[in-house]
Amino acid sequence: MSETAAPRFRPHRMIRSLLGPIFGAACFLATLTGLIVLVVLLGSILYAALKGKPDNPWYAIVANLRELWGLLRTVALNRQSSDPATAGYRVGIVGSLWLLGLVALLAIPVGVAAGVYLEEYAPPGRLRRIIQTNIANLAGVPSIVYGILGLALFVRAFGVKALALGPCLLAGALTLGLLILPIIVITTQEALRTVPGSLRQAALALGATRWQMVSGHVLPAALPGIMTGTILGLSRAIGETAPLLMVGAAGAIRKLPKGPLERYTALPVEIYNYAKEPDRMFQTITAGGIVILLILLLSMNAAAIMIRNRFQRYQ
Amino acid sequence: MTTPERSAADSAAVMKPDHPATEDLWSGHSRFLAFWELAIAVILAFCAVVTVLTTLGIVLVLSIQTVEFFMESKAGILEFLLSTELKPDATPPTFGILPLAWGTFAIAFGSSCIALPIGLLSAIYLSEYAPRRLRGVLKPALELLAGIPSIVYGYLALLLVTPVLKAIFEPLGIRVPQFNALSACIVVGVMIIPLVSSLSEDVLSAVPRGLREAAYGLGATKFEVSTRVVLPAGLSGVVASFILAISRAVGETMAVVLAAGMLPQITLNPLESLETMTTYIVQVISGEASYGTAKYLSLFAVGLSLFVITLGLNIISGLVLARYREVYQ
C-alpha cells in the first residue's frame with residue numbers, strides 16, 4: 001500500500017514544501033519594504049539637505065554632520081523669504097511651539113475627562129454606545145474636514161463678527177485640538193482599561209467616593225498610558241498641514257506671534273510653501289525644514305515609546 | 001453596590017438620635033462631597049458630549065454651507081453630481097464633481113494596489129512567521145513610519161519618486177509631467193502600508209491558537225495554516241482594515257497636493273496630472289476667491305461629499321469588524 005501511495009503524493013509534497021518558504025520569503029520582503037522606505041526617505045532628505053554644500057563623500061560622517069548642523073541653525077534662525085539665501089523657518093517654528101502648547105492646554109483636559117467619563121462613570125447603555133461609535137467615526141474623518149469646520153466655526157463664526165476669531169493662533173489650536181480629541185479619548189480609555197478592578201474595589205471599600213477613587217488611584221495608575229497616547233496625539237497635531245491651511249496659517253508672515261490672538265504660521269505650512277517653489281535652490285531649505293520637523297516628531301514619538309516601555313505596570 | 005454619598009447619608013440618618021454632635025460634624029462635609037461628586041460627573045459628561053458636538057458641528061457646517069452653495073451658484077444637485085465639467089473660473093462657472101470624484105477614486109485605487117498586498121503580507125509575516133525578538137524591532141519601526149506626516153511624503157514624491165519615474169519613462173519617449181497620478185499613488189500607498197499591516201496583524205494575532213494547532217496536528221505546513229486557516233478566520237477583520245486604509249487614501253491631502261497636481265480631468269493615463277476632492281479644497285482656499293462667492297462655497301459642497309464618502313467607508317469597516325469580533329472574541 002505505502003509503496004503505491006508514496007509516488008502518488010511525491011509531486012504534491014514537493015510543491016507544498018517549496019511553496020511554504022517562498023511565501024515566507026515574500027512576506028518577509030513585504031515587511032522589509034516599510035523599513036526600506038524609512039531608510040530611503042531619511043537618506044534622500046538628508047542628501048537633499050546637504051546638496052549644494054562643499055562636497056564631502058557620504059562616508060565623511062563628521063564633516064557631513066557639521067554641514068547639516070550649520071544648515072539647520074541657519075534655517076532655524078532665518079525668517080520667511082523669497083530669496084533662498086536668507087530663507088528659513090523661525091516664525092513657523094515659534095508658531096508650531098505656540099500651537100503645541102495651546103493644543104495641549106485645550107485638548108488634554110477635555111480628552112482625558114471624556115475618556116474617564118466613558119470608562120468610569122457612564123452607565124452602559126445607549127448613550128454610551130452612541131458616544132463610543134461617534135468617537136470611532138471621528139477618528140477616521142479626514143483632517144481637511146476638521147479644517148473646514150474650524151474655518152466656518154472659529155475663524156468666521158458663521159459670519160457673526162463678535163465671535164469670529166479670525167485667522168489667529170487660538171483658532172488653529174482649537175481646530176487641531178478637535179482633530180486629536182478622538183485619539184486622546186481612545187488612548188485614555190485603553191489605559192484605564194488596563195487598571196485592575198481590584199484597585200477600584202479597594203478604594204471604594206475604604207469609603208472613597210467615586211471621584212476620590214478615580215483621581216487618587218485609577219488615574220495615577222493609568223498615567224503612563226495616557227501620557228503615551230497624548231504625546232502621540234500631539235505629534236500628529238504638529239505634523240498636520242491641511243487643516244492649518246484652511247484656518248488661515250498663511251506662509252508669508254515675518255512677525256513672531258506674541259499672543260494667542262495674533263496671526264501666525266506653522267512649520268509644516270512653511271515647508272509646504274517652500275516645497276511649491278519651482279526654484280531648485282529651495283530644495284535645501286525645504287529638506288532642512290523637514291529634518292527639523294522630523295527631529296521634533298521622532299523625539300516626541302521616542303519619548304512616548306520610552307514611557308510606555310518603562311511603566312508597563314499592569315500588563 | 002450603593003453609591004458612596006447615599007451610604008454616607010444613610011449612616012448619618014441612623015446616628016441621628018444618639019449622636020447629634022457627630023451628625024453635625026459630618027453632614028456638612030458629606031453634603032459638600034455629594035455636591036462635588038455630582039459637579040465632577042457633570043463636567044466629565046460634558047467633555048464626552050463635546051465629541052458628539054464636534055460631529056454635529058461638522059454635519060451642520062457642511063450642510064448649511066452646501067445649501068448656500070446651491071443657492072448661490074444656481075447649479076442643481078444633479079448638475080453638481082453628474083456634470084463632467086469643473087470650471088469654477090469660467091463664465092458662467094460650472095461645478096461638476098465627477099472629475100474630482102474620478103481623481104479621488106483613481107488615487108485611492110492605485111495606492112490600494114500597492115498598500116493592500118504589501119500590508120497584508122507583512123501582517124501575515126508579523127503574526128505567523130516572525131520570531132518574537134524580530135517582531136519587537138519591526139513593529140515599532142512600522143509605528144514610526146505611521147507617525148511621519150503626509151507633507152514629508154509629498155515632498156518625497158517631488159524629490160525622489162517623480163524624478164525616478166522620469167528616468168524610467170522619458171527614454172521610452174513618454175512625457176512625464178512634474179505632477180502625475182502615479183507618483184501620488186506610490187507615496188500614498190507607502191503611507192497607508194503601516195495602517196493595513198498593523199490593523200490586520202492585530203486581527204490575525206487574535207485568531208484563536210486552537211485553530212492553528214488543529215491544522216498543524218493534521219499535518220498542514222505553515223503556508224497552509226497561514227493562508228487556509230488563519231487568513232479565512234480573520235478575513236472580515238482584514239477586510240475592515242482594507243476599507244479603513246482606502247478611506248484614509250480618499251481623505252489624504254498634502255501628499256496628493258504635492259504629487260498629483262491640480263488639474264481636474266478624467267483620464268485613464270496614470271502619468272497625467274489629476275485633481276482629488278481634497279486638493280480642490282486646498283486650491284480654493286489658497287486662491288483669491290472671496291467669501292460668499294460660488295467658487296468659495298463650492299469647497300463646502302466638495303467637503304460634504306468627501307465627509308459622506310469617508311464616513312460611509314468607516315461605518316462599513318466598523319460593521320465588518322464587529323461581525324468578526326462576534327465570531328471570535
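**The interface between chain A and chain B**

About 6,500 Å² is buried between chain A and chain B, and carbon and sulfur atoms give 81% of that area; buried area is the accessible area (1.4 Å probe) that two parts lose on being put together, summed over both. On the side of chain A, the residues that lose the most area to chain B are Arg16(A), Phe23(A) and Thr31(A), which together account for 9% of what that side buries. This is a predicted model, in which local features need pLDDT of at least 70 and side-chain atom pairs count only at pLDDT 80 or more, while totals for chains, interfaces and linings use all residues. Residues are numbered from 1 along each chain as its sequence is written, chains are lettered from A and ligands numbered from 1 in the order in which they are written, and side-chain values use heavy atoms, with hydrogens and water left out.

In terms of contact (heavy atoms within 4.5 Å), 72 residues of chain A and 77 residues of chain B take part.

One salt bridge is counted between the two chains, the criterion being a side-chain nitrogen of Lys or Arg within 4 Å of a carboxyl oxygen of Asp or Glu. Arg16(A) pairs in a salt bridge with Glu224(B), with 2.7 Å between the closest N and O atoms. Eight residue pairs, both at pLDDT 80 or more, are in polar contact between chain A and chain B; this requires a pair of N or O atoms within 3.5 Å, and within protein one must be able to donate a hydrogen and the other to accept it, residues adjacent in sequence counting only if both atoms are side-chain atoms.

Helix α1 (residues 2-50) of chain A gives the most to the side of chain A that touches chain B, namely 20 residues. Helices here are DSSP runs (H or I, at least four residues). By class, that side of chain A has 51 nonpolar, 16 polar and five charged residues; Ala, Val, Leu, Ile, Met, Phe, Trp, Tyr, Cys and Pro count as nonpolar, Asp, Glu, Lys and Arg as charged, and the others, Gly among them, as polar.

Over all chains, the whole structure holds eleven salt bridges. Among them is Arg193(A) with Glu119(A), whose closest N and O atoms are 3.2 Å apart. This pair links distant parts of the chain, 74 residues apart: Arg193(A) lies in helix α6 (residues 169-193) and Glu119(A) in helix α3 (residues 90-121), both of chain A.

Definitions and conventions. Helix = DSSP H or I, 4+ residues; strand = E, 2+ residues; numbered from the N terminus.
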